[in-house]
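These are my notebook entries on one structure.

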Amino acid sequence: MLLKSLTSPTLISTKQAFDSKEEIIKFLIRKLANEGKLHSEEELYQAVIDREKLSPTGFEGGLAIPHGKSKAVKEASFAIATLQKPLSTWESIDPTNQVELIILLAIPDNETGSTHLSLLSELVTRLSNEEYKNRLLRSNTNLELFNNLDRQDEIEEVPEVKKINKTILAVTACPAGIAHTYMAAEALVKAGKDLGVDVFVEKQGANGIEDRHTKGQLNRADAVIFSVDVAVKNEERYSHLPKVKTAVAAPLKDAKGIITQALEKSENAPKKDNSNEESVSFEEDEGEKKSFKTEIKDSILTGISYIIPVIVAGGMTLAAAVLLSQAFDLQELYNAEGSWLWLLRQLGGTLLGTLLVPILAAYMAYSIADKPALGPGFAAGVAANLIGSGFLGGMLGGILAGYFLKFLKHYVKPKGTFAGFISFWVYPVVGTLVVGSVMLFLVGKPLALLNQGLLDWLQGMSGTNALILGAIIGAMVSFDLGGPINKAAYTFCIGAMASGNFIPYAAFASVKMVSAFSVTGATLIDKKNFTKQEKEIGKQTWLLGLAGITEGAIPFMMNDPLRVIPSLVAGSAITGAIVSYFNIGLNVPGAGIFSLALLQGKPMLLAASIWFGAALIGAVVSTILLIATRKSKLKREKNKKSSRMAA
């Protein structure tokens with residue numbers, strides 16, 4: 001990038017004398033205005049001062065890069081001033097910074113994500129070289145400094161540092177997702193080269209994730225650095241690595257020190273084995289893409305994971321309003337519009353009835369196409385509410401929004417002058433109009449009819465139909481104990497809950513205790529026929545069962561899947577059938593003993609007795625089958641052994 005193309009000798013002032021930051025900024029803005037670069041000095045000044053309030057634009061080594069993005073700027077440009085006497089009052093990342101080189105960037109609004117980022121990155125890269133920076137500071141005239149801007153070729157190359165065979169990953173992210181995100185990344189990469197360390201930086205910025213860490217990098221890495229001022233996306237990917245956490249600006253001050261700290265942590269607390277970690281399974285390796293099936297599955301699970309807190313919050317708020325009205329005979333207040341209890345009821349109802357589907361759709365889209373898909377995803381969810389297509393419409397809308405934005409990102413890339421316009425206008429606006437129109441005018445009516453048909457079917461379930469549905473849910477829950485089939489049952493139950501039918505989830509929650517109780521029961525009753533390891537597992541699983549955690553029984557199942565799986569499925573099917581038959585409902589995600597007080601469909605004590613009793617009955621059936629199949633297996637093995645000895 002030629003820096004000279006964005007400035008001129010008349011925009012450069014050397015060896016100036018100023019007493020304050022504001023005075024310098026006004027001086028440089030006036031220079032830009034005199035060159036015809038601005039519509040309004042006042043508007044750009046306000047934009048620069050507003051940016052100064054967010055975080056320091058002074059760095060270290062005498063450098064400050066104030067910048068403003070405004071419609072007042074006609075074309076991207078920058079002005080430079082060097083000072084006779086360093087200024088110590090400029091807010092800087094390094095508190096001891098004495099500012100003597102100021103570069104003011106003036107960027108049009110529509111070039112926020114393009115010229116702004118590339119110019120900042122280029123400046124940081126060049127100015128991190130002390131010789132280059134000192135050459136600018138030593139320039140005695142405006143023309144000399146102008147000519148020195150692009151004279152990198154004359155700078156002596158630094159000898160290559162010997163590699164130490166270490167790999168450090170880093171994530172950079174700031175609230176705006178622009179300046180510091182990229183500057184911190186540049187500083188870490190450069191410091192890594194100076195230290196002989198491979199540093200790979202993932203930037204989580206305004207355009208989503210850039211330079212995403214691959215499986216290979218995650219497996220090779222010795223440590224990870226989080227230089228962030230916001231939450232790290234998909235942080236679980238790095239659970240196996242020693243971590244160093246800093247503010248996003250910290251690498252600009254001491255990137256080498258941060259990398260050294262990460263290297264020390266990798267020596268003192270080596271990384272964990274990552275060979276079986278699911279946390280990396282969804283990442284793309286070099287040239288590797290997710291299959292359509294995997295992408296859809298991940299999208300659905302991501303959407304559900306984001307609506308769970310909303311369902312819990314809404315359900316508990318609504319339940320609290322109902323309990324207060326019943327406990328203190330406040331039914332009139334509960335129904336009186338504008339009363340505090342009515343407002344509490346509306347809060348819970350809005351969370352469940354209005355926000356649920358848009359959040360589901362938005363984060364399904366987000367899983368497929370990252371941050372640019374959020375707006376169209378929310379729009380798809382709102383459209384699903386408008387046409388009455390509910391949970392099904394939200395899921396379809398999320399998938400449509402995700403894939404349409406993925407298509408847009410592939411064919412309409414945010415590059416060049418209009419990069420910011422594409423990222424912040426084209427993606428959300430075009431995505432919303434296209435996906436919203438498809439939802440409202442093409443698939444709306446059929447989806448609404450399908451959703452209503454599903455609701456009518458669920459509401460009309462009784463007798464044999466309820467038994468069959470409950471048995472199917474129960475069998476799916478315990479078939480693979482948290483695997484894909486279990487997750488499919490979970491998705492169905494959450495969808496039914498979001499649509500207003502709470503019976504399937506009550507069956508799901510009760511069944512989740514069965515496998516754990518069964519393993520404990522079998523290993524306690526028939527100790528002699530189970531191994532020491534299995535008996536140790538049995539001592540713990542009942543506690544996990546009380547919390548609704550099925551995964552504790554997985555090691556037990558893995559030892560003898562052909563006998564254990566059918567045994568658990570049989571008891572679980574019975575439990576699910578009982579809960580569904582008696583129309584017990586549960587409107588808050590959760591499982592285990594904690595759900596007893598939130599059950600619906602019958603008086604509280606009766607509902608709790610049926611629900612928990614069903615889990616115990618299913619556990620008894622599965623326990624009997626586990627013991628019987630284990631005895632049968634041991635008897636068969638004994639007979640085979642006898643036959644071989646006789647032969």
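**Salt bridges**

I searched the whole structure for salt bridges and found 14. I counted a salt bridge where a side-chain nitrogen of Lys or Arg lies within 4 Å of a carboxyl oxygen of Asp or Glu. The model is a predicted one, in which local features need pLDDT of at least 70 and side-chain atom pairs count only at pLDDT 80 or more, while totals for chains, interfaces and linings use all residues. Residues are numbered from 1 along each chain as its sequence is written, and side-chain values use heavy atoms, with hydrogens and water left out.

I looked at K190 and D194 and found their side chains joined in a salt bridge, 3.1 Å from N to O. Both residues belong to helix α6 (residues 179-195), where they are four residues apart, about one turn of the helix. Helices (H or I, at least four residues) and strands (E, at least two) are DSSP runs, numbered from the N terminus. K190 counts as partly exposed because its relative accessibility is 28%, and D194 is also partly exposed at 28%. For these classes, buried means under 20% relative accessible area, exposed means over 50%, and partly exposed lies in between (1.4 Å probe, protein chains only).

I next looked up D211, which forms a salt bridge with K203; their closest N and O atoms are 2.5 Å apart. Are the two partners buried or exposed? D211 is exposed, at 51% relative accessibility, whereas K203 is buried, at 12%.

I then turned to D370 and K233, whose side chains meet in a salt bridge of 3.0 Å, N to O. D370 sits in the loop between α11 (340-369) and α12, and K233 in the loop between β9 (223-228) and β10 (243-246), so the pair ties together parts that are 137 residues apart in sequence. I noted that D370 and K233 are both buried.

I also recorded a network of salt bridges that links K21, E52 and E91.

**Helix α1**

K21 is among the buried residues of α1, together with I24, I25, F27, L28, I29 and L32. The helix covers residues 21-34, which is 14 residues, and spans 20 Å from its first C-alpha to its last, close to the 20 Å expected at 1.5 Å a residue. The expected span is 1.5 Å times one less than the number of residues.

Which elements do the buried residues of α1 pack against? I found β1 (12-16), α2 (41-54), β4 (77-87) and β5 (99-107). Contact here means heavy atoms within 4.5 Å. After α1 comes G36, with a positive phi near 75°.

**Aromatic pairs**

How many aromatic pairs does a search of the whole structure find? I found eleven. Rings of Phe, Tyr and Trp (its six-membered ring) pair if their centres lie within 6.5 Å; planes under 30 degrees apart count as stacked, over 60 as edge-to-face and the rest as tilted.

F18 and F27 form a tilted pair, at 5.1 Å centre to centre and 55° between the planes. F18 is buried, with a relative accessibility of 13%, and F27 is buried at 18%. F407 and Y411 are a tilted pair too, at 4.9 Å centre to centre with 50° between the planes. These two are four residues apart in helix α13 (residues 390-411) and are therefore separated by about one helical turn. F407 is partly exposed, at 44% relative accessible area, and Y411 is exposed, at 58%.

I noted one aromatic cluster, made up of Y306, Y363, Y366 and F378.

**Surface patch and a buried serine**

I looked up a nonpolar patch on the surface, formed by V382, L386, L440, F441 and L442, which together have about 560 Å² of accessible area. Patches consist of residues with over 30% relative accessible area and no salt bridge, with like charges joined within 9 Å and nonpolar side chains (Val, Leu, Ile, Met, Phe, Trp, Tyr) within 5 Å. Accessible areas come from the Shrake-Rupley method with a 1.4 Å probe; for residues, only the protein chains shown count as cover.

Helices α12 (374-387) and α14 (419-442) each supply at least two residues of the patch, and α14 gives the most, with three. L386 belongs to α12 and is exposed, at 64% relative accessibility.

Finally, I checked S567 in helix α22 (residues 561-581). S567 counts as buried because its relative accessibility is 2%. Leaving aside residues up to four places away in sequence, S567 touches S622, L625, L626 and T629.
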